[in-house]
Amino acid sequence: MTSVKQLLLKPLLMPGFPALLKYAQRDCATVFMLHRFRDPERGIAGCDSSHLRQALGYLTRNGYELVSLVELFERLGGKGPQARGAVAFTIDDGYLEQATVAAPIFAQFGCPVTTFVTTGFLDGKLWFWWDQIEYLFQHAARRSAQVRFGDEVLDYRWEREEERALAKDDFTARCKIIPQAEKPAVIAQLAAATQVDLPAAPPAAYAPMSWNQARECEQMGMTFGPHTVTHPVLSRSANEVAAHEITESWARLRAEVRKPVPVFCYPYGWWADFGEREVDLLRALGFLGALAAEPGYANALAFRSNEDDRFKVRRFGFPDELPHMIQYVSGVERFKQLLRRSP
Ligand SMILES: [Zn+2]
């Protein structure tokens, strides 16, 4: 962040100031989305523990309501007090350090948090395809890879680290949109091209938490919601596949944890990644709602005026810098949205 921006955001760190902006938040709540947490022992980059503590400390000291997802959905729907600036935390996927690093920190601050688990991952049946790609590019024996991809031959060459990262990102983006069943063959080709043996089970850096750990996390206050069985793009899956991914992940979750949260979280979560078919199924299964990954606030007005809105709740990626987080929760970001919308 630039120093000018830091200077502009500085008043937000002063006690009392955020209250001035709360009026902009009257119909809005902030839902944050987290993924990986920094764990030096396993070589994992991600949200830093001290940053998370600092952020939760800030929210607690400044009187923000930290609410569970169930409470949030009830309040957005008109039950109980207005959501007015409430903040909810979510974590996606079910990685090990979400249990070992994140759960104790959220517990320390008494902050509710819901982790959305890919049940096949916790069941030991898979490791994520994007992690496999990262692993292959990281361990590549050579600085190039040629992979047949549909009608194309992709020809990646890299010298510097940034070039390798670009190649990995390009390959990952292409893999996202092919059917889930076709991914293993393409990734096997990449493994051959990079001359890396792809382990059958995830290496430590990409490992899931166990169901036992999930139950221990529940005792610390963390709750769990379903995030499909294999993490496909639902909108690109056949009807019966999409239905199975949703119903089976919900069934596995209910079998393993004590208080499963009846809120679903779409894999990837952009508007293009799910549709009416998923919304209809979730409603039929009795879910309270569902979370997307499109950035934005959870808005009570939209929630009450459109039946589908509770199945398309937006989230913000949890920012790496405290001033940015404050910008979201304090209403500055909301204020900016309102300004942009006015003529
Ligand atoms: Zn996910």
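Q: Why are α7 and α9 called roughly parallel to each other?
A: This is a predicted model, in which local features need pLDDT of at least 70, side-chain atom pairs count only at pLDDT 80 or more, and totals for chains, interfaces and linings use all residues. Residues are numbered from 1 along each chain as its sequence is written, and side-chain values use heavy atoms, with hydrogens and water left out. Helices (H or I, at least four residues) and strands (E, at least two) are DSSP runs numbered from the N terminus. Axes are lines fitted to C-alpha atoms, for helices over the stretch in contact, and angles run from 0 to 180 degrees between N-to-C directions. Angles under 35 degrees count as roughly parallel, over 145 as roughly antiparallel, 65 to 115 as roughly perpendicular and the rest as oblique. α7 and helix α9 (residues 183-194) pack at an angle of about 10°, their axes being 10 Å apart. The two helices are therefore roughly parallel.

Q: Which residues make the contact of α7 with α9?
A: On the α7 side they are W129, Q132, I133, L136 and F137, and on the α9 side K183, I187, L190, A191 and T194. Contact here means heavy atoms within 4.5 Å. By class, seven of these residues are nonpolar, two polar and one charged. Ala, Val, Leu, Ile, Met, Phe, Trp, Tyr, Cys and Pro count as nonpolar, Asp, Glu, Lys and Arg as charged, and the others, Gly among them, as polar.

Q: What makes α7 and α8 roughly antiparallel?
A: The axes of helix α7 (residues 129-139) and helix α8 (residues 161-176) come within 10 Å and cross at roughly 150°. The angle falls in the range over 145 degrees, and the pair is therefore roughly antiparallel. W129, W130, I133, E134, F137 and Q138 of α7 meet R164, A167, K168, F171, T172, C175 and K176 of α8. This contact has seven nonpolar, two polar and four charged residues.

Q: How do you know that α3 and α5 are roughly parallel?
A: The axes of α3 and helix α5 (residues 96-108) cross at roughly 25° and come within 10 Å. An angle under 35 degrees meets the definition, and α3 and α5 are therefore roughly parallel to each other. The contact is made by S49, L52, R53 and L56 of α3 with V101, I105, F106 and Q108 of α5. Its residues divide into five nonpolar, two polar and one charged.

Q: Why is T60 called partly exposed?
A: Buried means under 20% relative accessible area, exposed over 50%, and partly exposed in between (1.4 Å probe, protein chains only). T60 has a relative accessible area of 43% and is therefore partly exposed. T60 lies in helix α3 (residues 49-61). Leaving aside neighbours within four places in sequence, T60 is in contact with L66 and F109. T60 and F109 are 49 residues apart in sequence, yet 7.8 Å apart in space, C-alpha to C-alpha.

Q: What makes G120 count as buried?
A: Its relative accessibility is 2%, so G120 counts as buried. G120 belongs to helix α6 (residues 119-122). Neighbours within four places in sequence aside, G120 is in contact with K125, L126 and V229.

Q: Are H231 and Y268 buried or exposed?
A: H231, at 3% relative accessibility, counts as buried. Y268, with a relative accessible area of 19%, is buried as well. H231 is found in the loop between β6 (222-226) and α11 (239-256), and Y268 in the loop between β7 (263-265) and α12 (276-284). Although not a glycine, H231 has a positive phi of about 65°. Y268, also a residue other than glycine, has a positive phi near 70°.

Q: How do you know that helix α14 is largely enclosed by the rest of the structure?
A: Seven of the nine residues of helix α14 (residues 322-330) are buried, so the helix is largely enclosed. The buried residues are L322, P323, M325, I326, Q327, V329 and S330. After α14 comes G331, whose phi is positive, near 110°.

Q: Which residues touch the most other members of the largest nonpolar core?
A: They are L59, F89, F106 and F171, in a core of 86 residues. A nonpolar core is a set of buried Ala, Val, Leu, Ile, Met, Phe, Trp, Tyr and Cys residues joined through side-chain atoms within 4.5 Å.
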